[in-house]
Structure formats: C-alpha cells, structure tokens
Amino acid sequence: MRYLRLLSIFYKNSILKELEYRANFIANVFMSILWLGWAIVGVSVFFLHRDKMGDWTYPEVLMVVGLFTFFNGVMEALLRPNVGAVIEQIRDGTFDFVLTKPVNAQFIASLRSIIVWRLVDAVIGIGLIAYALGQLRVTPTPTQIGFFVVMLLSGTAIVYAIWLVMVSFAFWFVRIDNITELFYAFYEAGRYPVTIYRGVVRVVLTYIVPIAFVTTFPASALLGRIDQTTTLVGFAFAIGLLIASNRFWKFALRYYASASS
Amino acid sequence: MLTKYFALMRRSLGVMLEYRAGVLIWMLVNVMPLVMLAVWFSLAEDGPIGGYAQADFVSYYLLLTFMRQMTTVWVIHELDYDIRYGNLSIKLLYPFNPIHAYMSDNLADKIIRLAVLIPLGIVAAFLFPMMRYELTPLSVALMLLTMAAAWAMRFLSQYTFALLAFWVSEAQTLHEIWYAVWLMLGGMVAPLDLFPAPVAAIAKYLPFRFMLSFPVEVMLGRLTADETLLGLAATAFWLGAMIVAYRWVWRRGIKQFSAFGA
Amino acid sequence: MPGSIPIRVQNLCKYYQVHQKEPGLVGSLKSFVKRKYADVKAVDDVSFTIDAGEIVGFLGPNGAGKTTTLKVLAGLLYPTNGVARVLDFTPSERRAAFLRQITLVMGQKQQLAWDLPPMETFLVNAAIYEIPDDQFKKTLAELTELLELAPLLKKQVRKLSLGERMKCELTAALLHRPKVLFLDEPTIGLDVTMQTKIRQFVAEYNARYRATIILTSHYMADVTALCQRVIVIDHGKLLYDGDLKALAEKIAPHKLVRVEFSQALDGQRLEEFGEVVKMRGQRAELLVPRDATSDVAARMLAQLPIADVTIEEPPIEDVITRVFEQAARARAERGEAEEEEE
C-alpha cells in the first residue's frame with residue numbers, strides 16, 4: 001500500500017518532468033514510426049522472395065515485430081530511465097541517496113521514474129499485433145489470451161531480471177555504461193520468430209539471452225501454438241530469474257564503492 | 001600534424017586499455033550483422049534466396065561485420081555533449097581544429113579493434129570454409145580504399161549532425177533518423193540485391209551504401225567493372241559533399257557559439 | 001548503558017583494491033592483459049565513540065579516510081574489518097528503522113530532481129520516510145523559517161544558485177528529523193555569507209533536536225564554529241581525538257604574541273623574547289613558548305616601547321598542518337614512505 005503510494009508520487013514527478021520537454025513527444029512519435037518501418041522492412045525483404053519464414057506467415061511474423069516494438073517501448077519507458085540509470089548513479093556517486101533511504105533500494109532503483117513518451121512504442125506495438133490478427137482473420141480464444149497475458153508478464157519479468165543483472169556488474173566495473181547497449185544488440189534478434197534460428201543460436205536466444213520468451217512465445221500463445229505446459233514453464237522461468245537477479249543484486253550491493261565527488 | 005595525431009592516439013589508447021571491459025563490450029555491441037547472418041543463413045536452408053545461397057550470406061555478412069567494426073563512430077554523443085555543456089570551449093583552445101582530436105580518438109579505437117579482429121578473422125576462415133571472396137590485389141586495395149572512405153563518411157556525417165547542437169537540443173534525435181535509414185539502405189538488413197528492383201536502383205546511388213556495404217560488394221566479385229567504377233565515383237562525390245557540408249556547418253556553428261556561448 | 005551512545009566504532013578498517021599500472025603505452029598494454037592490484041587502506045584500525053548531541057569535526061587532508069568513515073557509518077560501505085554501530089544498528093544492514101533516523105548530506109552530490117521545484121523532492125521524501133502530513137508541514141515550516149526558503153520552494157532546482165540549492169538539499173535531508181547527521185563538506189563552494197548561514201543553521205538544528213552530528217569540511221571556520229571535539233585522520237589512521245583547543249595546546253607548543261610599538265626599533269633586540277615570524281614597520285608577531293607567554297609579555301612591556309599587545313593561539317590551520325607534518329615524519333621514520341610511492 002505504502003509502496004503503491006510511493007509509486008504514484010514517483011510517476012507524477014516523472015510526468016511533470018517530461019512536460020518540461022514537450023518537444024520530445026513529437027520527436028518520439030516520429031522515431032517510433034521510423035523504427036517500426038525499419039523492423040517491418042527487415043522482415044518484408046524476406047517475404048519478397050518466400051511466402052513463409054520457417055512456418056510463420058507474413059502477418060504472423062508481423063505479430064512478433066509488434067511484440068518486439070512493444071517491449072522496446074517498455075524498456076525505454078521503464079527500464080532505461082531506472083535500472084539503466086543506476087550505472088550512471090554508481091559512477092557519479094548519487095546512488096548514495098538511493099541507499100540511504102529507508103525503502104528497499106531495488107524498489108527505488110527499478111521504479112523511480114517513467115518516460116511516458118516512450119510508451120508510444122508500446123502502443124504502436126499493440127496496434128501492429130491487432131492489425132496482424134485482423135489480417136489473419138483470427139479471434140483468439142479466452143484461453144489463448146490468458147496464455148498471452150501470462151507470457152507477456154513473464155517476458156517483462158525476464159527482461160527486467162536481465163537488466164538488473166547487467167546493471168549489478170557496475171558495482172564492480174564502474175565503466176560499463178555500455179552494457180545495456182549489449183542487450184539491445186542481442187534484442188535485435190527478437191524481431192524474428194526464434195524458430196527460424198538453428199542450433200546454438202536458438203539455444204542461446206531461448207535460454208541464455210532468453211529473448212524468445214519476450215517476442216516469440218507471447219505471439220505463439222496468441223496464435224494457439226503453445227500449450228499450458230509451455231506457458232507454465234515460461235512463467236516458472238520468469239519467477240526463477242526474478243529471484244536469481246534479486247540475489248545477485250543484493251550480493252553486488254556489498255561491493256558498492258561509493259565514488260566521492 | 002602527424003606527430004600530434006600520434007600523441008593524441010597514444011593518449012586515447014592508454015585510456016581505452018585502462019577500461020578494457022568497456023572496450024570489449026563496445027565491440028560486442030556491433031553484432032547486428034551477425035544477427036542478420038543468423039537469420040538469412042537459417043532462411044536460405046531450402047535454397048538460395050534472390051541469388052544468395054548460404055555460403056554467399058556467410059561471405060557477405062562476415063565481411064560486413066568487419067566493415068561495421070572498422071567504421072564504428074560515436075562522435076555524435078561526445079560532440080553533442082561537449083557543445084551543450086560547454087566543454088567544447090576547452091577543445092577550441094587547442095592549436096588545431098578539434099575535429100582532429102575526435103578523429104584520432106576514433107582511430108585509436110580502430111587499432112584495438114584490428115588487434116582483436118584479425119585473429120578472429122583467421123579463426124572464422126577455418127570455421128567457415130565456404131567463404132568466397134575475390135582475392136586479387138586490386139580488389140583488396142579497392143576494399144581498403146572504400147572502407148576508409150566509408151569510415152570518413154560515417155565520421156563526417158555524425159560530426160556534422162552533432163554540430164547541429166549549436167542550434168537545437170535534438171541533434172542526436174535528428175541523427176537517429178539518418179542512422180535508421182542507413183541501417184535500412186546501407187545493406188545491413190539484407191544485401192541490396194534482395195530489395196525490390198526500384199528501391200535497389202535508387203539505393204545504389206544514395207550515400208548509405210557507400211558507408212557500409214560497398215566495400216563488401218567489391219570483395220564478393222558480383223559487381224561489373226562499370227558498376228565498380230560508378231560506385232567509386234559515387235563514393236568520391238558523397239565524401240566531397242560531406243566535407244563541404246561539414247565545413248559550412250562548422251563555420252556557421254562556431255560563429256553562433258562565440259556569439260552566444262554555450 | 002551502551003544504548004545511550006549513538007555512535008561506536010571499534011577497530012574499523014576499510015580496504016580497497018586498486019589496480020596499478022606502469023606509465024606509458026607498454027604499461028597500459030601490460031595492465032590490459034594482466035592486472036596488478038594493491039590494497040589501499042582507506043580506514044585503518046580506527047576506534048572512537050560519539051555521545052548524543054555532540055558535534056564532531058573530522059579533519060584530514062584529501063583521501064585521509066574521512067568520507068570513507070562517514071560512508072561506513074551511513075551504511076553505504078561494508079567495513080573490511082572491525083565494528084561500527086550507529087544507534088545500536090549495524091549500518092551496513094541498512095534496516096529501514098536505522099535509515100529513518102539518519103541522514104547524509106554531501107556538498108558535492110545532490111538528490112534534488114534537477115528539472116522540478118525542490119518542493120517535489122520534499123514530497124517524495126515525505127512519502128519515502130513516511131512522515132505524517134502534520135509533522136511534514138510543521139518541520140517544513142520550521143526549516144523554511146530557519147533557512148529562508150519561502151521564495152525558493154517553487155523555483156526549478158536548475159535555476160537556483162549553489163547556495164540556495166544547498167539550503168534545499170539540507171531541507172530534503174532533514175525533513176524526517178534524523179537523530180544522526182553525517183555532513184560531508186556541506187559548505188563546499190559557497191560564499192562566506194552562505195557558509196555562515198549554513199553553520200548557524202547546523203548549530204540551531206543541533207540545539208533544537210539534540211542531534212548527533214559528524215561534520216567534515218575543508219573550511220576550518222566550519223569546524224571551529226561548530227565543533228568542540230575533533231577527530232583527526234590521516235592515511236586512514238586516527239591521529240587525534242579530543243578537544244579542539246587541547247589539540248592546539250598539545251601540538252603547538254607556542255602561542256602567538258602580537259605587539260605594536262609606539263616607535264620603531266630594530267629586530268635584533270626582539271629576538272631574545274621569541275621567534276619573530278613577522279616584522280613590518282611598528283608591528284611584529286612572535287612565537288613564544290606556551291608556558292612562558294605571560295612572563296615574556298611582562299618583560300616586553302617593561303623593556304620595549306609598547307603601544308598594544310595581544311596573546312593568541314596560533315591559527316588552527318597551522319596547527320593542523322603541523323599535525324600532518326609530524327605524522328608524515330613519523331611514517332618516514334618507520335620506513336613506510338616508500339610504500340606510498342609504489
């Protein structure tokens with residue numbers, strides 16, 4: 001309850017801050033559309049030459065692109081300004097103020113701010129998913145929607161856990177402000193259904209940098225391609241990662257060196 | 001000037017070696033060509049796509065990875081920051097144009113990348129024996145030349161976009177648009193041959209191709225002599241245009257900077 | 001009753017690993033491949049206790065270990081060894097009940113949101129510290145009055161001057177009425193008037209809430225104005241812990257005698273009374289052994305054409321410099337000097 005109240009104050013402040021830079025809104029909408037274009041071009045080129053990617057049709061792949069765009073928005077709005085900013089705070093020492101507050105440090109570090117404009121991407125992503133469903137002339141069943149929501153939440157949790165672990169490394173190596181860029185580099189692979197990848201790449205994208213859980217699996221859920229078991233496994237995987245990342249974060253905190261000046 | 005470059009590069013090298021984790025991560029960040037390779041390689045399993053078989057994709061994207069690494073430029077972030085927070089004033093006190101300081105910084109990074117990439121390239125040659133290139137002295141020389149030009153164009157275009165920070169605060173956003181188009185039309189998503197004919201026909205003459213994939217195309221031996229010559233002419237044209245644009249913006253920007261400060 | 005002592009530190013140590021490299025490109029390459037590390041003893045076997053309501057000044061040159069000690073006490077750093085107890089908590093556990101009773105103010109870092117008025121940060125902190133509404137209003141009103149904040153509350157932080165920002169930082173840090181305050185260079189970069197105001201405020205807060213305060217500052221004026229007791233740290237070691245005045249007596253065996261003559265005289269005759277540090281026209285300053293001051297003054301009055309005479313403690317900056325010089329000499333004798341060079 002108290003944490004909810006804190007959250008509302010945090011977000012109110014973030015929105016106030018964003019209103020100071022209104023021009024950013026238009027720039028963001030424009031960029032979102034451009035990046036969506038880039039993502040669509042990336043798959044369309046292929047469909048010029050073939051009519052199926054693996055066993056995915058064009059609208060089905062568009063759903064994956066929609067999820068890719070959606071999560072991009074989520075990361076930009078919620079992860080980059082929070083967990084992503086921790087690295088910078090560690091470097092200039094202002095992380096001190098997070099640690100001296102009588103509130104769970106992970107809570108503050110993870111949820112203090114939100115860049116609302118970036119949610120534009122999330123909205124566009126959902127729009128694309130809806131469009132793809134329309135093209136497919138499919139109405140998902142309530143069960144499929146249920147699986148989809150579970151997978152979406154699990155995906156969010158997984159992405160968050162990965163970010164938290166990445167950022168925790170900054171407690172040892174102060175100069176790794178680019179580690180989140182590394183994640184984005186791998187994330188690019190999530191624009192395509194994971195089933196098209198072969199061998200090692202697929203294993204990496206499913207279990208090591210589990211981007212499959214973020215884009216492919218929710219799309220599969222909506223298309224009725226995964227069952228209860230897969231959904232549950234995904235959910236359990238997400239919970240496991242959350243717990244592991246929390247442990248790692250706590251362990252890393254001990255190595256905080258608190259840069260002076 | 002050359003001694004200054006060596007001195008500046010020495011310092012940059014020192015700094016980079018100090019932060020080794022950061023340097024290695026930056027290299028890993030440029031894996032997008034490999035991601036695209038994984039995609040096309042898997043997709044071409046059932047036969048060539050638009051004239052590209054699996055082996056062709058391997059040849060294309062592995063060399064493209066090398067190009068991507070060797071033409072990596074990040075000056076937009078540095079210069080935009082320096083202009084907006086007034087750090088440029090310090091660099092203006094150097095007895096030479098500050099662009100040389102940023103350039104030598106970038107070249108130092110290229111030395112480190114080469115040191116890592118050459119051994120990796122040898123390993124790749126063993127791992128992927130299907131790689132096929134046109135290995136003649138002329139094609140290699142042309143590749144090195146066009147690669148240098150690609151780097152210069154990437155650098156100059158970013159630098160010029162960064163200079164817009166003299167007037168607007170969204171220089172990085174404006175550059176992002178340019179960057180997105182570069183990714184699409186520079187041969188990253190797919191070799192330009194795979195694009196719809198009308199798009200490919202236009203993209204062949206736009207600057208983006210010469211900022212990434214052209215040196216690779218030279219090495220793949222898919223270009224006719226005429227196409228190669230035309231490409232070289234276009235490279236020269238765009239490089240010249242970017243130099244002119246940079247000079248023009250720089251001169252006006254400095255006036256603006258000294259008139260209003262930062 | 002140990003519970004009444006808010007700060008207890010016993011044999012506290014905090015070591016850092018720092019990687020070392022030889023100069024030049026070859027050195028860089030070597031350290032790129034393989035790194036050598038060395039322990040730096042930021043805090044080395046330090047013990048002290050501080051009573052409720054005390055204001056204690058931490059003195060020491062840059063890198064002496066003052067800030068590190070402060071950060072261990074605030075729970076930011078895990079000690080390598082030894083015990084730190086604050087308000088009967090172990091700081092590094094960072095219990096909410098502990099954090100609610102302390103605060104950390106750093107002159108070089110800010111917690112205020114840059115783009116918003118300070119009031120927004122105050123409200124966030126009110127929620128974080130669970131300050132009841134009426135108490136928040138009351139505390140804020142008090143602080144507003146003490147620090148003359150009223151015109152600042154609705155301005156954007158980035159538009160405030162450095163001094164104004166520091167006032168707001170203090171407010172943000174004190175809204176929850178902490179019992180223990182860690183102030184790290186709170187007056188750094190401020191002009192003299194603002195320094196005085198901050199000082200007065202700290203004294204007032206201490207008196208009003210009987211708060212325990214540890215202060216580090218490079219401005220001796222901060223310390224002399226606020227602290228009776230000082231703890232001197234250098235190279236991580238505690239050199240002195242006690243009364244500021246007693247430190248001067250212990251370290252500086254001389255007092256400063258300032259004289260003004262009614263007519264010119266030659267310096268030669270003055271030498272026999274003490275060490276002449278300054279001689280300009282008809283004014284002079286002499287260092288006189290502490291025990292002999294009254295004696296010497298009497299003799300001077302009798303033998304010289306004196307218009308005015310004052311006896312003072314030597315400037316505290318000089319005393320402190322002397323402490324560190326002595327410590328450095330002692331280290332050199334123990335042969336520790338080379339260790340630093342490495």
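Reader: Let's start with chain C. Into which domains is chain C divided?

Author: Chain C of this predicted model has domain 1, covering 2-13 + 48-248, and domain 2, covering 253-312. The centres of domain 1 of chain C and domain 2 of chain C, taken over C-alpha atoms, lie 43 Å apart. Along the principal axes, the C-alpha atoms of chain C fill a box of roughly 70 × 60 × 50 Å.

Reader: What secondary structure does chain C have, and how many of its residues count as buried?

Author: There are 13 helices and 13 strands in chain C. Of its 342 residues, 49% count as buried. Among contacts in chain C with a separation of 6 or more, 71% are between residues 24 or more positions apart.

Reader: Over to chain A. Why is A:Thr180 called buried?

Author: The relative accessible area of A:Thr180 is 6%. The cut-off is under 20%, so A:Thr180 counts as buried. This residue is found in helix α9 (residues 179-187) of chain A. Leaving aside neighbours within four places in sequence, A:Thr180 is in contact with A:Trp163 and A:Met166.

Reader: Is A:Ala170 buried or exposed, and what value tells you?

Author: A:Ala170 has a relative accessible area of 0%. Buried means under 20%, therefore A:Ala170 is buried. A:Ala170 is found in the loop between α8 (142-168) and α9 of chain A. Beyond its neighbours within four places in sequence, A:Ala170 is in contact with A:Ile87, A:Ile90 and A:Ile176.

Reader: How far is A:Ala170 from A:Thr206?

Author: In sequence they are 36 residues apart, and in space 25 Å, C-alpha to C-alpha.

Reader: Now for the interface. How many residues does the contact between chain B and chain A take, and what area is buried there?

Author: Chain B brings 36 residues and chain A brings 33 residues. The area buried between chain B and chain A is about 3000 Å², with carbon and sulfur atoms giving 78% of it. B:Ile25, B:Leu43 and B:Met184 supply 16% of the area that chain B buries against chain A, more than any other three residues.

Reader: What makes A:Arg198 and B:Glu45 a salt bridge?

Author: Their closest N and O atoms are 2.9 Å apart. The rule asks for a side-chain nitrogen of Lys or Arg within 4 Å of a carboxyl oxygen of Asp or Glu, so A:Arg198 and B:Glu45 qualify as a salt bridge. Across the interface of chain B and chain A the rule finds one salt bridge, and there are six residue pairs in polar contact.

Reader: Which helices of chain B each supply at least two residues of the side that touches chain A?

Author: They are α2 (20-29), α3 (32-43) and α9 (171-185) of chain B. With eight residues, α3(B) gives the most to that side. The residues on the side of chain B that touches chain A divide into 27 nonpolar, five polar and four charged.

How values were computed: Residues are numbered from 1 along each chain as its sequence is written. Chains are lettered from A and ligands numbered from 1 in the order in which they are written. This is a predicted model: local features need pLDDT of at least 70, side-chain atom pairs count only at pLDDT 80 or more; totals for chains, interfaces and linings use all residues. Side-chain values use heavy atoms; hydrogens and water are left out. Domain bounds come from an automatic or database domain assignment. Contact means heavy atoms within 4.5 Å. Buried area is the accessible area (1.4 Å probe) that two parts lose on being put together, summed over both. A polar contact is a pair of N or O atoms within 3.5 Å; within protein, one must be able to donate a hydrogen and the other to accept it, and residues adjacent in sequence count only if both atoms are side-chain atoms. Helices (H or I, at least four residues) and strands (E, at least two) are DSSP runs, numbered from the N terminus. Ala, Val, Leu, Ile, Met, Phe, Trp, Tyr, Cys and Pro count as nonpolar, Asp, Glu, Lys and Arg as charged, and the others, Gly among them, as polar. Buried means under 20% relative accessible area, exposed over 50%, partly exposed in between (1.4 Å probe, protein chains only).
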